[in-house]
Amino acid sequence: MRVFFIGFGQAGGKIVDMFLAQDRKLQQGSFRGIAVNTARTDLMGLKHIDMKDRLLIGQTVVKGHGVGTDNVTGAKIAADEIDTIINAIDTRGTHDIDAFVVVAGLGGGTGSGGTPVLCRHLKRIYREPVYALGMIPAPEEGRLYSYNAARSLATLVNEADNTFIFDNSAWKNEGESVKSAYERLNEELVRRFGVLFRAGEVGKLGVGEMVVDSSEIINTLRGGGISTIGYAISDVITKSKQKKSFFSGFAKKDKAESALTGEDKSAKIIGLVRRAMLGRLTLPCDYTTAERALVLVAGPPDEMDRKGVEKSKSWVEENIAGVEVRGGDYPLESNFIAAVVVLATIGNAPRITELLEVAKETKQDVIRSKDRQSTMFEDAIDPLFE
Ligand code: GDP
């Protein structure tokens, strides 16, 4: 799929930067992207997005210093400067793309406020679907971040064609701070979504046995709401690699997995897809509530297996609420086989419920504190002037 990424805010910019780096490394040319921010230093820190594709907005309001965690100002600046943003997107070229993906951390200010605004206008102007990829904050980041994320998400689900969620708290390790985990979290995120967003592109090895084209991804996401993805990989062992990895911890297992044929290949793919769906999802949730799913298997052509993909699809279908399960494979020059399962239009995700609860409480506290402020000086003493 040919994707136009817009990284909104600091987190969004960093992640789009990584998607472009990955695309260049694989020499695929499937991705293009720009970064939009109210903070100049965040834009300067990017490495792979061309200078001319880094757009600073809100200069007259915040003078390049960012909006802090004020997502209302973030939304206002995006709305005021929407023509400038759309112009930057058009300049980069949109005629051959299959979808837009707007990436942002939903707990902050610029990306949290700007993403729903941008999605609304992209949908108004272009025919291609508009997806959001939002990172939700860990509770330890504080209630304001949760409040911002809940407000942004509640708006976003009505503006984007579908919203993928990556939950920072589910991915950081015990005892690790969210900040120190960003680099690792971003790699995990880009690896997973990279496999999905590159599906359907013809690489050096041609097309797969069961091609997944971009229309199948689009149809899977058609139901809107929020979606999550699962991912699993398995080593592929060539004879030369077997020797090399003999002393590695995986050597025994690798040997057992080598030279698979027929039934074994199918079994390996089914096992991989099961691990992808039952393992850690980008947004942990009750997978049985998904309306639609997409199963993708990518790896060396010799390891691909039509029967394995078919059986995996049936297994996924038996386990989700809906009946629409699409899927296929694509060949990749790699030492791994990767499986990605998209669980689209999720009905129940405890982390989102929790986020909305925290937001409701925070809103009440904000109202109470405003009331306190306004009554504190009432009747106390006369002001100098009215
Ligand atoms: P903005 O620049 O105002 O849009 O705000 P940020 O992007 O800095 O941060 C908003 C949210 O994104 C916070 O909840 C952060 O925890 C999260 N965040 C910031 N940087 C990263 C990052 O590199 N990776 C991930 N996964 N989350 C991040």
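This is a predicted model: local features need pLDDT of at least 70, side-chain atom pairs count only at pLDDT 80 or more; totals for chains, interfaces and linings use all residues.
Gln27 sits in the loop between α1 (9–25) and β2 (31–37); helices (H or I, at least four residues) and strands (E, at least two) are DSSP runs, numbered from the N terminus. Although Gln27 is not a glycine, its phi is positive, at about 50°. Thr345 also isn't a glycine and has a positive phi of about 55°. Thr345 lies in the loop between β10 and α15 (350–376), and it counts as buried because it has 21 C-beta neighbours inside 10 Å. Another loop, the one between α3 (59–62) and α4 (71–80), holds Lys63. With 10 other C-beta atoms within 10 Å, Lys63 is exposed.

On to the domains. The protein splits into domain 1 (3–198) and domain 2 (226–344), with bounds that come from an automatic or database domain assignment. Their C-alpha centres lie 28 Å apart. The contact takes 11 residues from domain 1 and 15 residues from domain 2, where two residues are in contact if their C-beta atoms, placed from the backbone, lie within 7 Å. On the domain 1 side, the elements giving two or more residues are β6 (162–167) and α9 (178–198), and β6 gives the most, with six residues.

Strand β5 (residues 130–136) is largely enclosed by the rest of the structure, because seven of its seven residues are buried. Val130, Ala132, Gly134 and Ile136 point one way from β5, and Tyr131, Leu133 and Met135 point the other way. In a regular strand the side chains alternate between the two faces of the sheet. β5 pairs in the parallel sense with strand β4 (residues 99–105) over six bridges, given that two strands pair if DSSP finds at least two bridges between them. Within that pairing, Val103 has Leu133 as its bridge partner in β5. β5 and β6 are likewise parallel, over six bridges, and here Gly134 is partnered by Ile165 in β6. From β5 the chain crosses through helix α7 (residues 143–159) to β6 in a right-handed β-α-β crossover; that is, with the strands pointing away from the viewer, the path from the first strand over the helix to the second runs clockwise.

What about the nonpolar core? A nonpolar core is a set of buried Ala, Val, Leu, Ile, Met, Phe, Trp, Tyr and Cys residues joined through C-beta atoms within 7 Å. The largest one has 108 residues, of which Ala293, Leu296, Ala339, Val340, Val341 and Leu343 touch the most other members. Strand β10 (residues 336–344) supplies the largest share of this core, eight residues.

Technical notes. Residues are numbered from 1 along each chain as its sequence is written. A residue is buried if 20 or more other C-beta atoms lie within 10 Å of its own, exposed if 12 or fewer, and partly exposed in between; C-beta atoms are placed from the backbone.
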